[in-house]
Structures are given as structure tokens and as C-alpha cells.
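Me: I would like to learn how to read the features of a model like this one, going from a single pair of residues up to the overall form. Could you take me through it step by step?

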Amino acid sequence: MSQQSIPMTREGYQRLQEELKKLIRVDRPKVVQDIAEARGHGDLSENAEYDAAKERQAFIEGRIKELNDKIARAQVINPAELNTDKVVFGAKVTVFDTDSGNESTYQIVGEDEADLKEGKISVTSPVGKALIGHRLDDEVRIQVPSGLRIYEIIDIKYE
């Protein structure tokens, strides 16, 4: 795994910690119990329950390892403490789409926090990458899968 720090908001950091806690305290013991129960059903070579439980155990252990690594490398950023007029990680950016005439607001967050339904886009997404470093009233051209989008930045907030 990489040693590079992973930027995330306090909310994203807490979400990862909660998932890790659930995996360790709830999911791991349950899958161990499921494996023991499946073993009790006899021949393991043709036991689909046992195979499924072992697969689930491997997934859980892999996810625990991944979360521990991300939490260890987390660089927690509080957007409210940022003082800049540029779009940076954590910013809530309102853009005007010059083609459709629609306004959209996005918060630029870490990869694990991205959720388009909540208006949270990853700093590594095409839109996130393109917005970084721009200022209020800048026109930003973004190549997205559906084609070229032109956004005008009409508001930047850090909260």
C-alpha cells in the first residue's frame, strides 16, 4: 500500500472509523460463527454455506486491512479553517452550467466520501480535478464522459 496521505473531511474520517468498528465488532464475529456452523454440516468439499462464509471472511479481513491503512494515512481537513479565495479540497462550489442554464453545488471531498446524490464529488474526479485552483467567476472547461461542459464558478464556501 502507498504511504501517501489521504485527504478527507472529519465526517469522512468518522465514517471510516465507524465502518471499521462495525467490521471488527459485528461482522467478523458473525462470519466466524457462520463458518463454525457450516463446518457442523459435514463434508466441506461440497458445502456452499462454508465456501460463502469463507469468502465473506476474506472480504471482511481485506476491508479491515484497507480501512486501517486509510485511517493511518488520513489527513483530516476542516474546510471551515481554510482561508483562501481558490477552490481547494473541502470547498463547496456552486457552478452555473452555461449549456443547460442549471446551477449545481458540489463539495470537493476524498474518494471514499464521494456521493453524487449528496453533492459530494471526489477530488480525483474529472470535475473535482478541473475545479481545483480556480476562483470565483472563473470559467472552467471540463471534459466529462458526456462531452465538454463549461461551468462558471458563482460561489465558493468553506464550512
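Me: Which residue in β7 does Ile 142 stand opposite?

Reply: Before the answer, a word on the source: this is a predicted model, in which local features need pLDDT of at least 70 and side-chain atom pairs count only at pLDDT 80 or more, while totals for chains, interfaces and linings use all residues. Residues are numbered from 1 along each chain as its sequence is written, and side-chain values use heavy atoms, with hydrogens and water left out. Strands of a sheet pair through backbone hydrogen bonds, either parallel or antiparallel. Here Ile 142 stands opposite Arg 149 in β7, and β6 and β7 (residues 147-157) pair in the antiparallel sense over six bridges. Two strands count as paired if DSSP finds at least two bridges between them, and the elements themselves are DSSP runs numbered from the N terminus, with helices being H or I of at least four residues and strands E of at least two.

Me: In what order do the five strands of the open sheet lie?

Reply: The order is β5-β4-β3-β7-β6, with mixed pairing. The edge strands, each pairing on one side only, are β5 (120-122) and β6 (139-144). Neighbouring strands of the sheet are turned by 45° against each other on average, direction ignored; such axes are lines fitted to C-alpha atoms, for helices over the stretch in contact, and angles run from 0 to 180 degrees between N-to-C directions.

Me: How many bridges join β3 to β4, and how many join β3 to β7?

Reply: β3 (residues 92-97) is joined by five bridges to the antiparallel strand β4 (residues 103-109), where Val 93 has Tyr 106 as its bridge partner. These two strands form a hairpin with five residues between them, and Gly 101 in the turn has a positive phi of about 80°. Between β3 and β7, also antiparallel, there are six bridges, and Val 95 stands opposite Ile 153 in β7.

Me: Is Gln 107 buried or exposed?

Reply: Burial is read from relative accessible area: under 20% is buried, over 50% exposed, and in between partly exposed (1.4 Å probe, protein chains only). Gln 107, found in strand β4, has 10% relative accessibility and therefore counts as buried. Leaving aside neighbours within four places in sequence, its contacts (heavy atoms within 4.5 Å) include Thr 9, Pro 79, Lys 92 and Ile 121.

Me: What do the buried residues of α2 pack against?

Reply: They pack against β1 (6-9), α1 (10-39) and β2 (74-77), and among them are Tyr 50, Ile 60, Ile 64 and Leu 67. Helix α2 (residues 48-73) has 26 residues and reaches 38 Å from its first C-alpha to its last, close to the 38 Å expected at 1.5 Å a residue, where the expected span is 1.5 Å times one less than the number of residues. Glu 66, which also lies in α2, is partly exposed at 28% relative accessible area.

Me: Why is the protein described as more spread out than a compact globule?

Reply: The protein has three helices and seven strands. Its radius of gyration is 21 Å, well over the 15 Å that the globule rule gives for 159 residues, so it is more spread out than a compact globule; the radius is taken over C-alpha atoms, and the rule is 2.2 Å times the number of residues to the power 0.38. The C-alpha atoms fill a box of roughly 70 × 35 × 25 Å along the principal axes, and 36% of the 159 residues count as buried.
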